[in-house]
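Work through the exercises below with the model open. Each task is followed by its solution in steps.

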Amino acid sequence: MKKFDTEVHLSREMKLMDATLIGVGAMIGAGIFVLTGIAAGVAGPALIIAFALNGLVALLTAFSYAELGSCFHDAGGGYLWVKEGLPKWNGFISGWMSWFAHAVACSLYALGFGAYFELVIHEFNIVMPHWGFLSPQKILAAVTAILFAYINFRGASETGKVGNLVTIAKIVILLVFIGFGLNFVFKRPDWQSTFSNFLPHGWGGIFKAMGLTFIAFQGFEVISQCSEEIKNPKRNIPRAVFLSLAIVVPIYLLIAFTALGSVIPPDNTAPWDYLASHKETALVEVAKSFFTGGGIMLLIGGIISTMSALNATIYSSSRVAFAMGRDRNFPTFFGKVHKKNFTPHLSILISLFIVVLMAVSLPIEDVASAADIMFLLLFLQVNITLIRLRKKRPDLDRGFFTPLFPYLSIFGILSLLFLALYMFAYSPTAWIVTAVWISVGLFVYKFYAAHREVEHVRKVRSLERLERKEYRILLPLANINNVTSLTHIACAVAKKSNAQILLLHVTEVREGNPLVSELTDIQRAKPLFDRAAEITLKEGVPTRSIMNVSHRISQGIISTAEEEECNFIILGRAKNPDFFERFFSSIIDSVIQKFPGEVAVMHGNIEKEKIKKILLPFTIDAHAMLATEIAPALSEYFNAEIKILLVYEPETPASEQKKREDKISELLKENSINAEIKILRNTDILKGIVDESKNADLILMGGKTGDFLELLFGKSLAQDITEQAACPVLWVKEYEEREPFWKLLLKSPKESGVINGKN
């Protein structure tokens with residue numbers, strides 16, 4: 001049986017200063033370097049007001065992050081809070097948007113890096129090609145994104161002390177820029193003239209600039225993402241959130257003032273238009289006039305910031321996709337990790353595709369706008385979640401309470417919604433991209449994720465009960481000839497684990513006929529129930545009987561298991577079935593493969609008094625572990641001896657043999673099993689098991705009894721063992737994620753088999 005009772009927690013090593021620097025580093029990222037020039041062209045000198053108002057809007061949302069972060073201390077942040085506080089579809093959409101927002105932000109930072117690095121290579125007189133609509137900046141952005149995706153794939157990331165040093169370096173560079181810039185500004189006798197036309201584009205320009213640059217204010221959310229590693233999170237998360245804003249907002253205001261006040265553009269061009277003409281490299285142009293090497297200093301700062309932000313956002317976007325794959329909101333391959341590097345390689349690859357697509361297909365203004373709109377709508381949901389959780393979960397141990405609740409939260413919601421909607425006036429393209437992405441997300445949720453999410457929650461609950469050995473056994477009965485055998489097996493497991501047995505008979509109704517047409521047909525089920533109840537009553541096992549009417553037998557079994565919260569199903573099958581019996585049982589068992597619990601399949605019939613020796617062939621896998629754990633229940637119920645068989649093929653290495661022998665010794669001790677152990681070396685697995693079955697009354701084996709084609713045509717080792725063994729065979733199967741059918745078709749017969757001598 002799988003072991004998942006060991007919880008993994010991240011060590012709480014981050015102090016208040018570490019948490020604060022994480023938030024500061026995320027905010028003083030590429031946004032301020034890349035977007036200041038573009039935003040200055042939109043707002044003019046009123047960029048200062050835009051930054052101040054953005055700080056206020058960010059503060060309103062920071063209250064929500066401070067309160068929720070003080071009472072939820074698991075890694076995940078806003079995505080998990082929305083799942084907790086709002087309807088399920090909000091949780092999915094918040095994750096869907098978060099994935100896209102971080103991926104698009106990564107595109108923005110890649111474009112910023114491309115622009116800064118292009119300046120560097122120009123200094124060396126290197127001219128890059130211009131391929132159609134692919135400018136050198138876009139080519140560099142795509143190459144850089146691929147490079148950092150590879151770095152993430154290899155498992156490298158910027159964390160801990162290195163991350164703090166990078167953040168401090170960025171702060172120092174900007175403070176030097178501000179210091180020299182203020183000195184330059186105040187030496188100009190006419191510096192006030194720059195700000196005389198303070199609102200050249202009116203309040204509309206301010207609102208557009210706010211929406212465009214909001215991405216530079218959202219970094220405090222990263223603090224909540226690291227909450228599982230922060231010491232005393234109840235106290236330090238709120239403090240770190242507010243301290244990071246208190247550090248960053250004044251720096252932003254001073255950068256806006258310095259950049260606008262120190263520019264002396266040629267040809268009487270307005271300072272803000274001059275900054276806008278240089279777009280993402282505007283601060284580099286400004287710094288060139290401060291001192292020799294000022295431009296180089298800002299160039300280094302921009303490259304460091306864009307690299308740092310690019311690495312962080314491709315990490316964040318891939319991890320959101322990975323988390324949603326693990327939660328089964330996305331296909332399971334999103335939740336896979338690379339066997340060697342232990343990184344979510346497929347999530348990184350798909351996130352990279354979005355990053356490169358956005359970077360090469362849209363202008364940088366539209367890329368920035370799309371990321372901003374996504375973050376604005378995400379923060380809006382977090383504020384709504386705060387209001388909802390105040391009512392829904394008053395029991396939460398909050399270390400911080402948002403003042404003037406709910407008025408500040410409502411004002412934050414309205415502000416975020418206003419900015420998001422206003423961005424349509426600046427970049428209709430960004431809103432179209434956003435609307436299409438959200439629409440696709442809603443479609444995916446309705447027709448895929450909603451069902452998978454419910455199924456996943458059911459699986460988790462079932463597996464948790466299995467780990468606690470809280471069995472509820474479902475016993476489908478259809479053939480009077482195997483009722484006795486199946487009921488004895490069910491009683492053995494039930495008595496050992498104090499479980500209830502649910503007897504089930506499924507009556508199948510032809511498609512097109514109403515289900516109620518067979519509701520009164522209890523006569524076929526009664527003899528089955530009576531025979532089974534006679535045994536369970538004698539053994540003192542609590543039992544209920546259920547008759548299910550369904551258009552498909554397989555669906556009747558699965559739906560009953562779900563409704564009754566069963567986590568162990570015991571099925572019967574003829575030992576040497578003909579083609580039609582195989583066809584019938586293969587349809588049922590192919591569905592059972594998806595059942596989130598444990599399954600036992602009994603081949604042949606047994607008599608309780610005649611079971612004196614149980615043969616347990618052993619390999620190291622989850623199914624064999626389950627068989628070993630069930631063996632004591634069968635031994636005690638039948639008063640039988642257990643014989644464990646280890647079969648080694650000629651090519652099985654000695655190290656593998658020792659590993660298995662050590663493992664079986666450990667399991668025998670762990671499960672208090674007294675057993676004879678027999679080892680067959682240099683022997684064919686099938687021949688070894690079949691020969692030993694002649695001296696046994698029951699074979700208990702762990703493994704899959706085959707998929708649809710194997711069950712139908714008998715082309716598996718499992719089927720050969722079952723048919724050739726001299727006694728009945730009981731297969732037990734641990735729950736495992738089922739691979740897509742197309743992958744099974746690509747596997748070799750040996751890979752698809754139940755037992756492998758090298759396992």
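The model is predicted: local features need pLDDT of at least 70, side-chain atom pairs count only at pLDDT 80 or more, and totals for chains, interfaces and linings use all residues. Residues are numbered from 1 along each chain as its sequence is written, and side-chain values use heavy atoms, with hydrogens and water left out.

**Exercise 1.** State how many helices and strands the chain has, and what share of its residues is buried.

Step 1. Helices (H or I, at least four residues) and strands (E, at least two) are DSSP runs, numbered from the N terminus. The chain has 28 helices and 10 strands.
Step 2. Buried means under 20% relative accessible area (1.4 Å probe, protein chains only). Of the 759 residues, 57% count as buried.

**Exercise 2.** Describe the surroundings of leucine 645.

Step 1. Locate the residue: leucine 645 lies in strand S7, residues 641–647.
Step 2. Classify leucine 645: its relative accessibility is 1%, so it counts as buried.
Step 3. List contacts (heavy atoms within 4.5 Å). Leaving out residues up to four places away in sequence, leucine 645 touches Leu615, Leu616, Pro617, Phe618, Lys678, Leu680, Gly688, Ile689 and Glu692.

**Exercise 3.** Count the disulfides, and classify cysteine 71 and cysteine 491.

Step 1. Apply the rule, a pair of cysteine sulfur atoms within 2.5 Å. The count is zero.
Step 2. Cysteine 71 has a relative accessible area of 13%, so it is buried. Cysteine 491, at 0%, is buried.

Note on methods:
Buried < 20%, exposed > 50% of the residue type's maximum accessible area, 1.4 Å probe, protein only.
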